[in-house]
Amino acid sequence: MDCCYLCCSPHFLHYLLYDIPWDVRSEWKSYKQRQKEHDENVKQVIKRLKERNPSKVGLVCTARKPYIAVGMRNVDYKRARHFEVDLSAFRNVLEIDTQRKIARVEPLVNMGQITRVTCPLNLALAVVAEFDDLTVGGLINGYGIEGSSHIFGLFSDTVVAYEIVLANGQLVRATQDNEYSDLFYAIPWSQGTLGLLVAAEIKLIDIKEYMRLTYKPVKGNLQEIAQAYSDSFAPRFGGLDEPGAIPEKVPEFVETMIYTPTEAVCMTGRYASKEEAKKKGNVINEVGWWFKPWFYQHAQTALKKGEFVEYIPTRQYYHRHSIYWEGKLILPFADQF
């Protein structure tokens, strides 16, 4: 089940009234139709850039409205740049290559769209940012990190190719070993200053249907909490530098929530098959339903009842923070219907 974070804001209304209907329409289209639309939209971007007269107009920026952004960044800079390029149509998953394990997507494709397509195939991005509506473009041009980043790095580290339209209207494909390799390494964190991202190819990994999640309470001073967090993904044992598969004791996902200066809960996750999850005695928790408590509150229960293990459907685990603590501040009763 999809869930979006509760926020009485223009961003939330835009997500509810515009993003979700657009995503549904996109998924009804064939990949051939999406590629055709992509090619036409790229032509429009190139045409727009070639209309620009640098001596008469300001610098280039996207036409994305400030209230659509997830972050709190001040966007007054756009008022000083007068040449806007509209990228709002770049919202399609263009291809899922199950042989090469590559997803080719447009920059405004969000995490919810991708997981809806890939999870039924037992595939996923190596780094899946938790909120449903965080976009590929934002995670590349900005900063993307997740609970699997201790293994795979930042979101941008999982990208194998960028399709960029430069300020002169030239379309290029940048990879780590072609003639545009310098651009490939410069794009992450560039905030869109080097070109307009129109597509990206991102690595996929094999996954299983469930996440086996262990909640471990930690009590002590901040140094002890920090050590517990470090130990959760870098256990103090040998063999971490050996080539090959991830060592068995290193979890695939790690996360720690600190509730007070002396209390925290460390969580470690590993993929599990549905056969394992449904064995007698195992607890399955579908955290994505609207009536479930906020995930941070659910994790907090470990402070009272001690360490416990449960199985969460993998896609629901990915988006466990789409209903998150700020929602509790805005609508305190929203998880009590």
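**View 1. Strand 10 and strand 11 pair side by side in the antiparallel sense.** Seven bridges join strand 10 to strand 11 (residues 263-272). Strands (E, at least two residues) and helices (H or I, at least four residues) are DSSP runs, numbered from the N terminus, and two strands count as paired if DSSP finds at least two bridges between them. Within this pair, look for threonine 256, which stands opposite cysteine 266 in strand 11. Cysteine 266 counts as buried because its relative accessibility is 4%. Here, buried means under 20% relative accessible area, exposed means over 50%, and partly exposed lies in between (1.4 Å probe, protein chains only).

The model is predicted: local features need pLDDT of at least 70, side-chain atom pairs count only at pLDDT 80 or more, and totals for chains, interfaces and linings use all residues. Residues are numbered from 1 along each chain as its sequence is written, and side-chain values use heavy atoms, with hydrogens and water left out.

**View 2. Four strands form an open sheet in the order 10-11-9-12.** The pairing in this sheet is antiparallel. Strand 10 (253-260) and strand 12 stand at the edges with a single partner strand each, so one side of each has no neighbour in the sheet. From one strand to the next, the twist averages 25 degrees. Angles run from 0 to 180 degrees between N-to-C directions, and axes are lines fitted to C-alpha atoms, for helices over the stretch in contact. Helix 7 (residues 222-233) lies across strand 9, strand 10 and strand 11, and runs at about 5 degrees to strand 11. Contact means heavy atoms within 4.5 Å.

**View 3. Strand 12 meets strand 9.** Strand 9 (residues 210-219) and strand 12 share six bridges in the antiparallel sense. Of the six residues of strand 12 (residues 308-313), five are buried, so the strand is mostly covered.

**View 4. Met111 and Tyr215 have the most contacts inside the largest nonpolar core.** This core has 56 residues. A nonpolar core is a set of buried Ala, Val, Leu, Ile, Met, Phe, Trp, Tyr and Cys residues joined through side-chain atoms within 4.5 Å. Strand 8 (residues 196-206) gives the most to this core, with five residues. Apart from it lies another core, of eleven residues, including Val42 and Leu87. Leaving out residues up to four places away in sequence, methionine 111 touches residues including Leu125, Phe131, Phe155 and His319. In soluble globular proteins, nonpolar side chains tend to be buried together.

**View 5. Threonine 118 sits in helix 3 (residues 111-118).** Threonine 118 is buried because its relative accessibility is 0%. Residues up to four places away in sequence aside, threonine 118 touches Ile96, Leu123, Ala124 and Leu204.

**View 6. Glutamate 146 lies in the loop between helix 4 (136-141) and helix 5 (149-152).** Is glutamate 146 buried or exposed? Glutamate 146 is buried, because its relative accessible area is 7%. Glutamate 146 and alanine 129 are 17 residues apart in sequence, and 5.5 Å separates them in space, C-alpha to C-alpha. Not counting residues up to four places away in sequence, the residues that glutamate 146 touches include Val127, Phe253, Tyr318 and Arg320.

**View 7. Strand 6 and strand 7 make a hairpin with five residues between the strands.** Strand 6 (residues 159-165) pairs with strand 7 in the antiparallel sense over four bridges. Glutamate 163 has arginine 173 as its bridge partner in strand 7. In strand 7 (residues 171-174), Val172 and Ala174 make up a covered face, while Leu171 and Arg173 make up an uncovered one. In the hairpin, glycine 169 takes a positive phi near 90 degrees.

**View 8. Asparagine 122 and tryptophan 189 are worth a look for their backbone angles.** Most residues other than glycine have a negative phi. Asparagine 122, however, has a positive phi of about 55 degrees. Asparagine 122 is found in the loop between helix 3 and strand 5 (123-125), and it is partly exposed because its relative accessible area is 27%. Tryptophan 189 also has a positive phi, near 70 degrees, and is found in the loop between helix 6 (181-186) and strand 8.
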